[in-house]
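Visitor: I would like a close look at a single part of this model, the site around the ligands. Please take me through it, and then through whatever surrounds it.

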Amino acid sequence: MINFAHRGASNDYPENTILSLKEGIKSGANGLEIDVHKSKDNKLVVIHDEDVERTFIGRGLVKDFTLKELKELKSRKKLFRDNKECHIPTLEEVLDLIKDKDILLNIELKTDVIRYEGIEEDVVNLIKKYKIQDKIILSSFNHESIKKVKLISNIKTGMLYEKPIENVAEYAKALGVEYIHPDLRLVNEELIKEAHKNNLKVNIFTVNNPIYMRMCIANKVDGVFTDYPELLNEILTK
Ligand code: G3P
Ligand code: CA
């Protein structure tokens, strides 16, 4: 099973930062999950929200800051405010971190609220430049983004969803994804079986409770996104 450190080891460290990703790897995760947006000057940046304010000391939308301005923002977490690895990373910095490691990186394209012109092409081109297509899953709640990725590459894709979809395996196959990424609340044994029967892998978000971690393991789920990669690693190895 892939243990995806969700936004890195985000229960202990500031989410979606180089520190949190490094700590995720240290804690035994064999996968990482990050979220990508675009800055005012069209750079690919790693942060969860459209707005910087929840995680950084600053106000406004990511798309209205230049990369230089985003880099100046300090983490909202007091203990990490002056940590050099706790700024907003570029996607390139994350690819540099994983390129020589045995890590599967799930890049979520955050295109469900703001439409970032050309984000799919930019992300795909960067992955191709690094020649690490086999280490990547591109996922999105915006299934139009997935279609775009499919048109321009054969990078594997994950269909995120948090509301029930009727005939989900059929829907996913029509979309052409290799993975379905359901919200934990939508998952039962039957769904996992149905997906596997249809040659679809299942990665579930966000699994932070050990009871559900064990349920995922027992049902042969392919991957789990967790804010507690160390705990999941402990459960998987014991
Ligand atoms: O990719 C799984 C999960 O990250 C999706 O939800 O809101 O944490 O980005 P969210
Ligand atoms: Ca995400």
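Guide: Start with the record. UniProt, in an unreviewed entry, places the feature "domain: GP-PDE" at residues 1-236. The model shown is a predicted one. Over residues 1-236 the chain is 33% helix and 21% strand. The end C-alpha atoms of that stretch are 9 Å apart.

Now the metal. The calcium ion (ligand 2) is coordinated by E33 (OE), D35 (OD) and E108 (OE). The distances run from 2.1 to 2.2 Å. Along the chain these donors follow the spacing E-x1-D-x72-E. D35 lies in strand 2 (residues 31-38), and E108 lies in strand 6 (residues 104-109), so this pair ties together parts that are 73 residues apart in sequence. Both D35 and E108 are buried. One caution applies to the donor list: water is not among the atoms, so the site may look incomplete.

Next comes ligand 1. The residues around ligand 1 are H6, R7, E33, D35, H48, E108, K110, F141, L160, F205 and F225. E33, D35 and E108 are among them, and these three also coordinate the calcium ion (ligand 2). For H6, a side-chain N or O atom is 2.7 Å from an oxygen atom of ligand 1. For R7, the distance from a side-chain N or O atom to an oxygen atom of ligand 1 is 2.7 Å. For K110, the corresponding distance is 2.8 Å. On its own, ligand 1 has 290 Å² of accessible area, and the protein covers 89% of that.

R7 sits in the loop between strand 1 (2-6) and helix 1. Its relative accessible area is 16%, so R7 counts as buried, the limit being under 20%. R7 is also part of a salt-bridge network that links R7, E15, D49 and R54. R7 is not a glycine, yet its phi is positive, at about 60°.

N16 is another case. N16 is not a glycine either, and its phi is positive at about 55°. N16 lies in the loop between strand 1 and helix 1. N16 is buried, with a relative accessible area of 1%.

Follow the chain on to S27. S27 is found in the loop between helix 1 (18-26) and strand 2. S27 is buried, at 12% relative accessible area. S27 and N233 are 206 residues apart in sequence. In space, their C-alpha atoms are 7.4 Å apart.

T157 is also worth a stop. T157 is found in strand 8 (residues 156-161). T157 counts as buried, at 0% relative accessibility. The side chain of T157 makes a polar contact with the side chain of K150, at 3.4 Å.

Finally, the charged pairs. Side chains of opposite charge can pair when their charged atoms come close. With a cut-off of 4 Å from nitrogen to carboxyl oxygen, the count comes to 23 salt bridges. One of them joins K129 and E92, at 3.5 Å from N to O. This pair links distant parts of the chain: K129 is in helix 4 (residues 119-130), E92 is in helix 3 (residues 91-98), and the two are 37 residues apart. K129 is exposed, at 57% relative accessible area. E92 is partly exposed, at 34%.

Helix 7 (residues 189-197) holds pairs of another kind. E189 and K193 meet in a salt bridge at 3.4 Å, N to O. Why can they meet? E189 and K193 are 4 residues apart in helix 7, so about one helical turn separates them. E189 is partly exposed, at 46%, and K193 is exposed, at 55%. K197 and E194 also meet in a salt bridge, at 3.4 Å from N to O. These two are 3 residues apart in helix 7, again separated by about one helical turn. K197 is exposed, at 68% relative accessibility. E194 is partly exposed, at 34%.

Technical notes:
Residues are numbered from 1 along each chain as its sequence is written. Chains are lettered from A and ligands numbered from 1 in the order in which they are written. This is a predicted model: local features need pLDDT of at least 70, side-chain atom pairs count only at pLDDT 80 or more; totals for chains, interfaces and linings use all residues. Side-chain values use heavy atoms; hydrogens and water are left out. A salt bridge is a side-chain nitrogen of Lys or Arg within 4 Å of a carboxyl oxygen of Asp or Glu. Buried means under 20% relative accessible area, exposed over 50%, partly exposed in between (1.4 Å probe, protein chains only). Donors are N, O and S atoms within 2.8 Å of the metal (3.2 Å for Na, K and Ca); water is not among the atoms, so sites may look incomplete. A residue is near a molecule or strand if one of its heavy atoms lies within 4 Å of it. A polar contact is a pair of N or O atoms within 3.5 Å; within protein, one must be able to donate a hydrogen and the other to accept it, and residues adjacent in sequence count only if both atoms are side-chain atoms. Accessible areas come from the Shrake-Rupley method with a 1.4 Å probe; for residues, only the protein chains shown count as cover. UniProt positions are given in the numbering used here, feature names are shortened, and annotations may be inferred rather than shown by experiment.
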